[in-house]
Amino acid sequence: MQHNDYILTLSCPDRTGIVYRVSGLLFELGCNILDSQQFGDEETGRFFLRVHFDLPTTVAPEDLRGKFGTLAASHAMQWQIHDARRKARLLIMVSKQGHCLNDLLFRVSSGQLHAEVAAIVSNHPDYAGLAASYGIPFHHLPVTPGTKAEQERQILALVETARIDLVVLARYMQILSEDLCRALEGRAINIHHSFLPSFKGARPYHQAHQRGVKIIGATAHYVTPDLDEGPIIEQDIERVDHTMSAQDLGQVGSDVESLVLARAVRSHVEHRILLNGNRTVVFR
């Protein structure tokens, strides 16, 4: 018998019997649970669950959602059911540093990321050739203080017309307006070096070198109107030492940024992230 893969994610006030009720409903529909992860947060009193399951082809997805909606209402659940076979559509935004963009394009094209890059946006023309080599539409949208509002309207229009699931700021060196941040809430991820707020502004790796840092790293987080303070998804570090130049630190930092961003994007497109206030629950 053929089956279809789906992923259920939910959060709700913690109480006894949640897993029993959810698994019981899936059993009644003839579903086979492939993987299940859960977490109860004692501090917030909320429960989080991710279930990957097979749905028999004899059951319509609409029937599944209808029956689960009744259960969810009785437990005040925030929930989503995703078709696990569907590839997420990405819009990658970049400026002049292309290491994260290049890494994501390779991971998607090689099948390491279950996603497709629908478009690339940049305020510079530098990576038009790279986009063309992958057959991906490239949109050069220059921005100045006077044109920022119109440029962001073009970005939002592209998000709608290209049916974008996730916007990835792959070293896009422009601050998004509060309106755009809110429009993309929960579906935009940014990457930055973890020197913030210690080394703000230009040339952070040179600043770090001058201070003699011993570790460098990167942070991927959801975009919010509070600059670089959105819910953290993924972080990592590498040790460095006194023998390394500022250029060496920049190279190590680029590698860490690429890896951390790729992990964050993977967690999002595989529906492994649930918001817990200003924090995240990330199921592995």
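Predicted model: local features only at pLDDT ≥ 70, side-chain atom pairs only at ≥ 80, totals over all residues.
**Notebook: cysteines and nonpolar cores**

Residues are numbered from 1 along each chain as its sequence is written, and side-chain values use heavy atoms, with hydrogens and water left out.

I then checked Cys31, which also counts as buried, at 11% relative accessibility. For Cys12 the closest cysteine sulfur is that of Cys31, 19 Å away and therefore too far for a bond. I took a disulfide to be a pair of cysteine sulfur atoms within 2.5 Å, and by this rule I count zero disulfides.

Next I turned to the nonpolar cores, each a set of buried Ala, Val, Leu, Ile, Met, Phe, Trp, Tyr and Cys residues joined through side-chain atoms within 4.5 Å. The largest holds 35 residues, and Leu104, Ile120, Leu261 and Val265 touch the most other members. Among the elements giving two or more residues to this core, I list β5 (88–94), α3 (99–109) and α8 (246–269); helices (H or I, at least four residues) and strands (E, at least two) are DSSP runs, numbered from the N terminus. I find that α8 supplies the largest share, seven residues.

I also examined Leu261: neighbours within four places in sequence aside, its contacts (heavy atoms within 4.5 Å) include Cys100, Leu104, Val168 and Ile191. A second, separate core of 22 residues includes Cys12, together with Leu10, Val22 and Val51.

Note on methods
Buried < 20%, exposed > 50% of the residue type's maximum accessible area, 1.4 Å probe, protein only.
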